[in-house]
Amino acid sequence: MALLEVRDLRTSFKTDDGIVQAVDGVSFTVDRNQTLGIVGESGCGKSVTSLTIMGLNNPRNATSSGQAMFDGEDLLAASQDRLRELRGQKIAMIFQDPMTSLNPVKSLGWQLSEAVLLHNDVSKKEARDRAVTALGEVGIPKPGKRVDDYPHQFSGGMRQRVMIAMALINEPDLLIADEPTTALDVTTQAQILELMRRLQAKHGTAIIMITHDLGVIAEVADDVVVMYAGRAIEEAPVDQIYAAPRHPYTWGLLGSLPRMDVDTDRLVQVPGQPPSLLNPPAGCRFNPRCTYTMDRCRVEMPELAASPASAGHRDACFLDEATKSREPGRLLAGSGMGAG
Amino acid sequence: MARYLVRRVLWALFLFLAVTVVTYVIFFVTPADPARLAAGQGATPEQVQEVAEKLHLNDPLWKQYGLFLKQLVVEQSLGESFVNRRDVNDIVLAAAPVTASLVFGGAVFWLLLSLPVGIISAIRPRSLIDRAGMVFVLVGVSAHPVWIGLIFAYFFGYKWGLTPITGYCDFINPSLGAQCGGPVQWAYHMILPWLTFMILFAALYVRLIRANVMETMNEDYVRTARAKGAPEGQVMRSHILRNSLLPVITILGMDIGLALGGAIFTESIYSLPGLGRQILVSYENFDLPVILGITVFATVCIIVFNLVVDIVYAWFDPRIRLS
């Protein structure tokens, strides 16, 4: 059984302008020791998906439905108290901006100890020792000394290491990383990804990696879900997403990514803006931006369906098989397709 | 830290000089004749001249100011009142505790009211308490303390007889011949002044605290705390309040420092012999030494409280400590 199985997850927010359907029927599974990448543009619902699983949406304006079975327990049906027990202990999360994700007026030792003390019946001394160990594990030099430092004494990359230490301090089964490298420079990005991979190998943690960066996905993910306007539009093992993408939006995403192995004059871009989730377009949500739009796309919402070539590869598009297999090769300059 | 303190003290000295010079200049450009007032109603021109000579009022401005500074530094004296020859040090020292009672007591009250109301309003926006709080804020910032004071005195003091209407009792060591004294009587007499004085500040602080808490609630580190599994109470105490009250500390220090110079309206309504009332009386009599004395005291209060705020702030916020 998968560690986390999300089925038909939907989340909407009440706003002054109306109801925003931020996540509209997303399903996926994550196994221990596996990394699932969720990729999509800003506002496509990937962060809301993770916050819904964590139970961190504001209950005053958010409503969710569907299931998120974690170790046999439905997180969406769990009480706030139960969720609080699970958060930080079984499911941990790291966020996009390490500069603002740590409390500026508390020492790192305090913040790491807090995570330990919330879920373990240990002394403050013991919690502090664990904090020092955790800082050492994520590669903070002289952890015994730096544990008393404050966040402003650390660089962005170091703070993200601290966030990872804090998330993993109770050895959670699932780690949700919401754009953990977006705010970091490229060399630091690589270090952080390497660190996450190393810690995953050591503890067998399942990871959900949320990002808009296909480069990050290529590096760490085993499976990928591509989201668009609150819906999953394609899901596949990582190599197939790069080798044989099937949805026009995925083609656009891949085409807008510069590649070392392909010589192109121009990057392909996805024209237009992501739709407003207050009032999404009828039919396929991608139809106003899609170059292949047919009449059917404007009235009927395509559901995820398995590719005839591979059962693990599913996409939500009405295009015929011939187009789906021909177009990516043409668009993405043909040669050199395939995961790097 | 030492360098920081030296810089602060030098800045304070400059501030002090600037404030006293300005007070002097304003006093001298005001068309009035303090010598005549000091000499009394029936004084002859010769007598007035004599008084002016005695009070150095015929000397040029810079010389008088120099004399004032010399007196202050060498004798630690603020001089004597033009009007009744009383030592200004004594006048200020007698009035300061009254004003301090009013200000500190009032601060306790306004914090006791604005902290819970502000925090609850932030947690539950648009709730009943939030809406009631906003009405209170509107009334509190709009109503003049004199009006509030008169209403309070009329209802609580006169109509219902719950509190004294005017007067002040010393907290300790009441002077000979005083009608009352001791902590209980002191507090009893201060209730109405405290309530009157605090309303404006309570209203401002409710709004300030509500805004700060609401802003901090949306900070990323608050979400981090929840992601760690911290219960709401702990999130509020350890993560939201500490951060959102930092600006409140600054403003509290400045407000207290400023108010110690005299809460003129409140003191006048309830006939409290504090600095505010004293300075009103002295203005009427053009009693420069007393006005200057109170100005000096108020300046020192503001400077000291700003220093206190900086030190407290550094203790609360580690980002300040090292830089």
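Author: This is a predicted model. Start with chain B, where the centres of domain 1 and domain 2, taken over C-alpha atoms, lie 32 Å apart.

Reader: Which residues of chain B make up domain 1 and domain 2?

Author: Domain 1 of chain B spans 2-74. Domain 2 of chain B spans 88-321.

Reader: How many residues of domain 1 of chain B are in contact with domain 2 of chain B?

Author: 12 residues of domain 1 of chain B are in contact with 10 residues of domain 2 of chain B. A pair counts when the C-beta atoms lie within 7 Å. On the domain 1 side of chain B, α1 (2-29) and α2 (34-39) each supply at least two residues. The most comes from α1(B), with eight residues.

Reader: What classes of residue are on the side of domain 1 of chain B that touches domain 2 of chain B?

Author: That side of domain 1 of chain B has nine nonpolar, two polar and one charged residues.

Reader: Now the chains. How many residues do chain B and chain A bring to the contact?

Author: Chain B brings 18 residues and chain A brings 23 residues. On the chain B side, at least two residues each come from α9 (220-227), α10 (232-244) and α15 (318-321). By class, the side of chain B that touches chain A has six nonpolar, four polar and eight charged residues.

Reader: On to single residues. What is noted about phi of Ser271(B)?

Author: Ser271(B) has a positive phi, about 50 degrees, and is not a glycine. Its place is the loop between α12 (264-269) and α13 (275-284) of chain B.

Reader: Why does Ser271(B) count as partly exposed?

Author: Count its neighbours. Ser271(B) has 13 C-beta neighbours inside 10 Å. Exposed needs 12 or fewer, and buried needs 20 or more.

Reader: Where does Phe286(B) lie, and what is its phi?

Author: Phe286(B) lies in the loop between α13 and α14 (288-316) of chain B. Phi of Phe286(B) is near 50 degrees, again positive in a residue other than glycine.

Reader: What makes Phe286(B) partly exposed?

Author: Phe286(B) has 19 other C-beta atoms within 10 Å.

Key: Residues numbered from 1 in each chain as written. Chains lettered and ligands numbered in written order. Predicted model: local features only at pLDDT ≥ 70, side-chain atom pairs only at ≥ 80, totals over all residues. Domains from an automatic or database assignment. Contact = placed C-beta atoms within 7 Å. Helix = DSSP H or I, 4+ residues; strand = E, 2+ residues; numbered from the N terminus. Nonpolar A, V, L, I, M, F, W, Y, C, P; charged D, E, K, R; others polar.
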